[in-house]
Amino acid sequence: MASPPGRARTTGLLEDRLLTLAGTPDDSFRIGTDLIVVAELAANLITAVDCASVTSRHEGGYATVAASSDLAVAVDQAQYGDRAGPCLEALEASHPAAVPDIAATITWPSFRDAATSFGMKTSLSIPLFAGSGTTIAALNLYSRRTGSLSALTIGVWAAYEPDSADRWDHDALEPGGRELVEGLIGAMALRAKIRRAVAAEIIEERRP
């Protein structure tokens, strides 16, 4: 169920940072700081998340540019070695990548082995973008409790499906999870607005 229409609501820290990121030029020096803050807030505010990180492209490969713990970095690095895993799928395919039961996955063996060795049971990777609208990073959420990210995954997918963005179950998530989903929905709306403005400007420039 979506938030009731007309309800007064102020943005939280995580939601606000995601909106700020979506409106920031891709080459801004602020991007790095925004990604660090997003990872820290996700780990601290979302009850189901035990640790979080952010993956970005780096010198022809990949790097963890922000992390709430060394465990998240280690799980990320196992994916970089194989150039395969949920964080890289989210980054390169620009859609969320959820692994509800890490121990049962056969798609990414290096990720599975590293994550299970550190006690991680489930994960969710989410593409992030700045002002151009192109995916620049992936937010990786890890949990030691099987199924703990299921409701959040549904909400995140709704944010990336324009026809479903107003139909996710707001009450199924705790405050931190709601902030994340609301932030993603707002970021997607801002991206669409920026793209319309750019398209209109191009059309205007081409007029004789």
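## Close-up views of a predicted protein model

**View 1. Glu-174 is placed in the loop between H6 and helix H7 (175-206).** This is a predicted model, in which local features need pLDDT of at least 70 and side-chain atom pairs count only at pLDDT 80 or more, while totals for chains, interfaces and linings use all residues. Residues are numbered from 1 along each chain as its sequence is written, and side-chain values use heavy atoms, leaving out hydrogens and water. Helices (H or I, at least four residues) and strands (E, at least two) are DSSP runs, numbered from the N terminus. Follow Glu-174 across to Ile-46: 128 residues separate the two in sequence, yet their C-alpha atoms lie 7.4 Å apart in space. Leaving out residues up to four places away in sequence, Glu-174 touches Leu-45, Ile-46 and Thr-47 (contact means heavy atoms within 4.5 Å). With a relative accessibility of 23%, Glu-174 counts as partly exposed; buried means under 20% relative accessible area, exposed over 50%, and partly exposed in between (1.4 Å probe, protein chains only).

View 2. If neighbours within four places in sequence are set aside, Ala-43 is in contact with Val-49, Ala-52 and Ser-68. Take a look at Ser-68 in particular: Ala-43 and Ser-68 are 25 residues apart in sequence, with 6.5 Å between their C-alpha atoms.

**View 3. Helix H3 (residues 70-82) packs with helix H5 (residues 109-117).** Two packed helices are described by the angle between their axes and the distance between the axes. Here, the angle is about 160° and the axes are 8 Å apart. The axes are lines fitted to C-alpha atoms, for helices over the stretch in contact, and angles run from 0 to 180 degrees between N-to-C directions. H3 and H5 are therefore roughly antiparallel to each other (under 35 degrees counts as roughly parallel, over 145 as roughly antiparallel, 65 to 115 as roughly perpendicular and the rest as oblique). On the H3 side, the contact is made by Val-75, Ala-78, Gln-79 and Asp-82, and on the H5 side by Ser-110, Phe-111, Ala-114 and Ala-115. Sorted by type, the residues of this contact are five nonpolar, two polar and one charged. For this sorting, Ala, Val, Leu, Ile, Met, Phe, Trp, Tyr, Cys and Pro count as nonpolar, Asp, Glu, Lys and Arg as charged, and the others, Gly among them, as polar.

**View 4. Arg-144 and Asp-50 meet through their side chains in a salt bridge.** The distance from N to O is 3.9 Å; a salt bridge is a side-chain nitrogen of Lys or Arg within 4 Å of a carboxyl oxygen of Asp or Glu. Arg-144 is partly exposed at 39% relative accessible area, and Asp-50 is partly exposed at 30%.

**View 5. Arg-145 also forms a salt bridge with Asp-50.** In this pair, the N to O distance is 3.3 Å. Arg-145 lies in the loop between S5 and H6, and Asp-50 in the loop between H2 and S1, 95 residues apart. Arg-145 has a relative accessibility of 37% and counts as partly exposed. Through shared partners, salt bridges join Asp-50, Arg-144 and Arg-145 into one network.

**View 6. Arg-112 and Asp-113 form a salt bridge.** Their closest N and O atoms are 3.1 Å apart. Asp-113 is partly exposed, at 44% relative accessibility. In total, the structure holds five salt bridges.

**View 7. Arg-83 and Ser-94 each have a positive phi.** Most residues other than glycine have a negative phi. Phi of Arg-83 is near 55°, and Arg-83 lies in the loop between H3 and helix H4 (86-93). For Ser-94, phi is near 60°; Ser-94 is in the loop between H4 and strand S3 (97-99). The relative accessible area of Ser-94 is 36%, which makes Ser-94 partly exposed.

**View 8. The protein has seven helices and five strands.** Along the sequence, the pattern is α-α-β-β-α-α-β-α-β-β-α-α. Of the 208 residues in the protein, 46% are buried.
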